[in-house]
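Keep the model open beside the text as you read.

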Amino acid sequence: MKTISAPRIFLFLLPLLLLTNLRAQTERVITLEVNTADIENPNVNDFCNFMGQDPGVSNEDYTIEANLGDIIIWRGVSTSSPEHTVEIRAINHQGNRGGRDIFGDNRLGGENGEVRGTILYRTEAGADYKYNIQFRVYIDGSRKRGTFNIDPKIRVVGQ
C-alpha cells in the first residue's frame with residue numbers, strides 16, 4: 001500500500017482553503033448617531049451623522065465600501081439620552097441616483113429597529129449605490145412626529 005505524503009495533501013487542500021477564504025462574508029455595521037432631542041425635518045443632516053464619519057464629509061457623500069456577499073446592518077443610536085430610541089425602518093434604493101440595486105430588492109424593511117441586507121451584485125466600476133435610510137425617533141417610548149430620511153452611499157469593491 002502506497003502512503004500519501006503530508007505535502008501532497010497540503011497542496012491538494014490549499015486551493016480549497018484559499019477559495020473558501022475569498023468568499024467569506026463580513027458583517028459591516030453602519031451606526032447612525034442621532035441627536036434625538038433636537039432632530040427636526042427638513043434639517044435632518046444637522047442632527048445626525050454616522051459613527052466614524054470624517055467631520056469634513058457630508059451625510060450625502062458618506063460612502064462605505066463593501067464586498068460582494070457582505071452583510072450590511074444599519075442601526076441607530078441616540079446621542080441625547082439612553083432613554084431615546086432610533087428605529088431604522090427601511091433602506092430604499094434611490095433608482096437612477098447612483099449605481100444599481102445591489103441587494104436584489106429596491107426596499108429592505110426593518111426588524112427590531114435595524115435593517116439587514118446582503119450584497120448580491122457589484123456596482124458598476126466607479127459607481128456608488130445611492131440609498132435612503134428611513135428612521136423614526138422615540139423619546140421615552142413616545143414617537144417623535146415624522147419619519148426622517150438620510151441618503152448615504154455604498155460602493156461594492158473587490159470580490
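Leu32 stands opposite Gly76 in β4. The model is predicted: local features need pLDDT of at least 70, side-chain atom pairs count only at pLDDT 80 or more, and totals for chains, interfaces and linings use all residues. Residues are numbered from 1 along each chain as its sequence is written, and side-chain values use heavy atoms, with hydrogens and water left out.

Strands here are DSSP runs of E with at least two residues, numbered from the N terminus. Two of them pair if DSSP finds at least two bridges between them.

| Strands | Sense | Bridges |
|---|---|---|
| β1 (residues 27-34) and β4 (residues 71-78) | parallel | 8 bridges |
| β1 and β2 (residues 48-50) | antiparallel | 3 bridges |

Now look at Ala66, found in strand β3 (residues 63-67). Ala66 has a relative accessible area of 0%, and buried means under 20% (1.4 Å probe, protein chains only). Leaving aside neighbours within four places in sequence, Ala66 is in contact (heavy atoms within 4.5 Å) with residues including Arg28, Ile72 and Arg155.

Finally, Arg136 sits in strand β8 (residues 129-139). Not counting residues up to four places away in sequence, Arg136 touches Thr85, Val86, Glu87, Arg89, Arg143, Gly146 and Thr147.

Technical notes. Helix = DSSP H or I, 4+ residues; strand = E, 2+ residues; numbered from the N terminus. Buried < 20%, exposed > 50% of the residue type's maximum accessible area, 1.4 Å probe, protein only.
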